[in-house]
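Please look over the sequence and the fold together. A short report on the strands, helices and loops follows.

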Amino acid sequence: MKILKNHVHIIYTLILFVFLLSQLSNAQVISKEPEDLFIVGSESIHFRSEINNSDYTLHINLPENYINDPTKTYPVFYALDGYRIFGVTTHIYKGIWDDGFAPEIIIVGITNSGSKTSPTLHRTRDLTPTAIERISTSGGASTFLKVLSDEIIPLIDRNYRSDKTNRTLAGTSFAGLFTHYTLFTQPSLFTNYIINNPTLWWDDDYPYQLEEAFYQKNKSLHANVIFLNSEYNDMPKAIKMFDQIKRHNYNHLTLDFRMIENMGHLGGEAEAMNQGMRFAYKRPAIKVPEKVLKQYCGTYQDGAYVREIIIRDGELTLIRTGDVQGAKIQVINETEFAILGRYFDFHFNRDEKGNVISFSSQFDTDPSRTRTAIKIK
């Protein structure tokens, strides 16, 4: 009897398998083509450079509200090695923006000429600053920098509403080397530089020599620069470069260094883009005397909700009902405020006499979700 039951079970399983297989075989394939796949909201531009006669592909992701305000311009984030990092960067950015810690931006992924199966044909040539004997195709960074400054950036500026005063360049490995090269040869081209796991060993430590030569002629460097290095990616060379730049104490330079823990050369690239982007778009807050901050303190009411604004550790703090910790209100400038440095709208309203009577706060990326709380005491 037991053997019979086992046979029945096996037969039943086979029948079920055949049935499911028949259902799957009825699935209709609508389209299957070897096309590039992009994140929603993205498009691409293919062009041939007149400077070096090479083909390039630019992957572009536009802000969610790009079409809603035809007068608004946006910072541009240029990511080198776009064939590999464009999708990751865009995905990471969406989360940061959704949390309010970055403004709306245009993301441009730059892919050097090649094919869909081999997009890195001229990567080594374009991203390395000097020619070395063991890599015959190296040493074309100066030419590619001209392609970037004279062709790619103007192309983006012509076709999209870009903020020409706020550009970021980000790169890893050879692309990190090129980002470092750009910083010390044409620093004003970008506002922010994200340099991840740069190839600092290149050409007998050429990057250190480049920075030293720059310093001999320049004591100012108007840029925001973050070096990121994975824990298992030649940390001594990265620290040496950071310390060298820090020792030179450039005027107007904002400099930071972050270690990506438990990662090697490429595995930490996504985390590096995450930290680098938050560094680049961190809102600069100013310190204001407590006697000035007192005018904003008080009890505010929004329907059934009561809010308290107090001064804690020299900063305004918004306390919601049941919230012990509260949220810091940072002062961006004399008339602009932000919660935790976010880009969500937060502002105080005044009456005709200049007295603070309420505050308005945006809850998320939807501007229509802005609520106003009235000062009741």
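## The mixed sheet

Histidine 59 stands opposite glycine 109 in β4. This is a predicted model: local features need pLDDT of at least 70, side-chain atom pairs count only at pLDDT 80 or more, and totals for chains, interfaces and linings use all residues. Residues are numbered from 1 along each chain as its sequence is written, and side-chain values use heavy atoms, with hydrogens and water left out.

β2 and β4 pair in the antiparallel sense over five bridges. Two strands count as paired if DSSP finds at least two bridges between them. Strands (E, at least two residues) and helices (H or I, at least four) are DSSP runs, numbered from the N terminus. Both β2 and β4 belong to an open sheet of eight strands with mixed pairing, in the order β1-β2-β4-β3-β5-β6-β7-β8. β1 and β8 (251-260) stand at its edges; each has a single partner strand, so one side of each lacks a neighbour in the sheet. From one strand to the next, the twist averages 20°. Axes here are lines fitted to C-alpha atoms, for helices over the stretch in contact, and angles run from 0 to 180 degrees between N-to-C directions.

## The hairpin at one edge

β1 (residues 42-48) pairs with β2 (residues 55-61) in the antiparallel sense, over seven bridges. Arginine 48 faces aspartate 55 in β2. The two strands form a hairpin with six residues between them. In the turn, asparagine 53 has a positive phi of about 60°.

## Helices on the mixed sheet

Helix α2 (residues 82-98) has 17 residues. Its first and last C-alpha atoms are 23 Å apart, close to the 24 Å expected at 1.5 Å a residue. That expected span is 1.5 Å times one less than the number of residues. Several α2 residues are buried, among them Ile85, Phe86, Thr89 and Trp97. Buried means under 20% relative accessible area, exposed over 50%, and partly exposed in between (1.4 Å probe, protein chains only). The buried residues of α2 pack against β1, β2, β3 (74-80), β4 (106-111) and α8 (269-280). Glycine 100 follows α2 and has a positive phi, near 90°.

α8 lies across β3, β5 (162-172), β6 (192-196), β7 (220-230) and β8. It runs at about 155° to β7.

## The antiparallel sheet

An open sheet of eight strands pairs in the antiparallel sense, in the order β13-β12-β11-β10-β9-β16-β15-β14. β13 and β14 stand at the edges with a single partner strand each, so one side of each has no neighbour in the sheet. Neighbouring strands are turned by 30° against each other on average, direction ignored.

β9 (residues 298-302) and β16 (residues 370-375) pair over two bridges. Tyrosine 300 stands opposite lysine 375 in β16.

## Two positive phi angles

Aspartate 203 is found in helix α6 (residues 202-217). Its phi is positive, about 50°, although it is not a glycine. Its relative accessibility is 27%, so it counts as partly exposed.

Leucine 340 lies in the loop between β13 (337-339) and β14 (346-350). Its phi is near 55°, a positive value in a residue other than glycine. At 40% relative accessibility, leucine 340 counts as partly exposed.

## The whole protein

The protein has nine helices and 16 strands. Of its 377 residues, 46% are buried. Among contacts (heavy atoms within 4.5 Å) between residues at least 6 apart in sequence, 63% join residues at least 24 apart.
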